[in-house]
Amino acid sequence: MSAPKKKKTIQKTAEKTGLGMDLLDGVRKGNVRAIARMISLAEAAKPESRPALAEIFRNAGNAHVIGITGVPGSGKSTLVRGLAKAIRASGRRVGIVAIDPSSPFSGGAILGDRVRMTELTGDDGVFIRSMATRGALGGLARSSLEAVDVLDAAGFDLILIETVGVGQDEVDVVQAAHTVVVISAPGLGDEIQAIKAGILEIADIHVVSKCDRSDANATITDLKGMLTLGVRAM
Ligand SMILES: Nc1nc2c(ncn2[C@@H]2O[C@H](COP(=O)(O)OP(=O)(O)OP(=O)(O)O)[C@@H](O)[C@H]2O)c(=O)[nH]1
Ligand SMILES: [Mg+2]
């Protein structure tokens, strides 16, 4: 008898104060379920959750956010995995937001990558969330940045965003990061894929991946050449 009544009361309170207000404390304490539910609220983009997300925004601002972008298959997830392991080894907590429909984090992926990702699961110093849902124009960028804020408010020291650098929404997301890493890989056709994707100029750090390949040096040379040209053009 009393259980439904209690449920109704909680519902009424939520309606009054806004969706997700009851999760704020859990998020601040780093509670995994509260974090996951708050990010889901951001994705759902209901107006009733705006007050809670505004509160999250007020609590954010301490984490260093690193955006990692490059064309499909350039090695973003491999780099994210390596960075996450290094960050954990240094004792810091890391949040990962993958905005990539083909990412190992989001399911459309090669099984091998998915299995390797499990090295990081089961560690409460790592939180991985994929954002594969496509909303209205701008919706993806907004909810992804809110997801970053949720992880920030939850006390993660570093937040890594993986995104394919091809859609404007995704480019907007990585550009909102403190540090932007653009990956170029040898053997993917065009020498510097970032030029084709139009993302060369947003990089703070350029990475040439797959350096075990013999054609990696050519990619480095091409990249350096393009960057020198870019500087001269300015
Ligand atoms: N030889 C070699 N292969 C690599 C290296 N890094 C990544 N790969 C391979 O390149 C492929 C793509 O790597 P991912 O890290 O999944 O690339 P991604 O950019 O995240 O790919 P998408 O999420 O699908 O866009 C995989 O088969 C990796 O095993 C590397 O350093 N050397
Ligand atoms: Mg990936």
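## A tour from the magnesium site outwards

Select ligand 2, the magnesium ion: Ser77 (OG) and Glu162 (OE) coordinate it at 2.1 to 2.2 Å. Donors here are N, O and S atoms within 2.8 Å of the metal (3.2 Å for Na, K and Ca), and water is not among the atoms, so the site may look incomplete. Ser77 sits in helix α5 (residues 76–89) and Glu162 in strand β4 (residues 158–164), so the pair ties together parts 85 residues apart in sequence. Helices (H or I, at least four residues) and strands (E, at least two) are DSSP runs, numbered from the N terminus.

A word on the model: it is predicted, local features need pLDDT of at least 70, and side-chain atom pairs count only at pLDDT 80 or more, while totals for chains, interfaces and linings use all residues. Residues are numbered from 1 along each chain as its sequence is written, chains are lettered from A and ligands numbered from 1 in the order in which they are written, and side-chain values use heavy atoms, without hydrogens or water.

Now show the open sheet: 6 strands in the order β3-β2-β4-β1-β5-β6, with parallel pairing (at least two DSSP bridges between two strands). β3 (126–130) and β6 (205–208) are at the edges with a single partner strand each, so one side of each has no neighbour in the sheet. Zoom in on β1 (residues 64–70), joined to β4 by 7 bridges; Ile66 has Leu160 in β4 as its bridge partner.

Last stop, helix α4 (residues 50–59): Ala52, Leu53 and Ile56 are buried (under 20% relative accessible area; exposed is over 50%, partly exposed in between; 1.4 Å probe, protein chains only). Turned away from that buried side are the exposed Phe57 and Arg58. Just after α4, pick Gly61, with a positive phi of about 120°.
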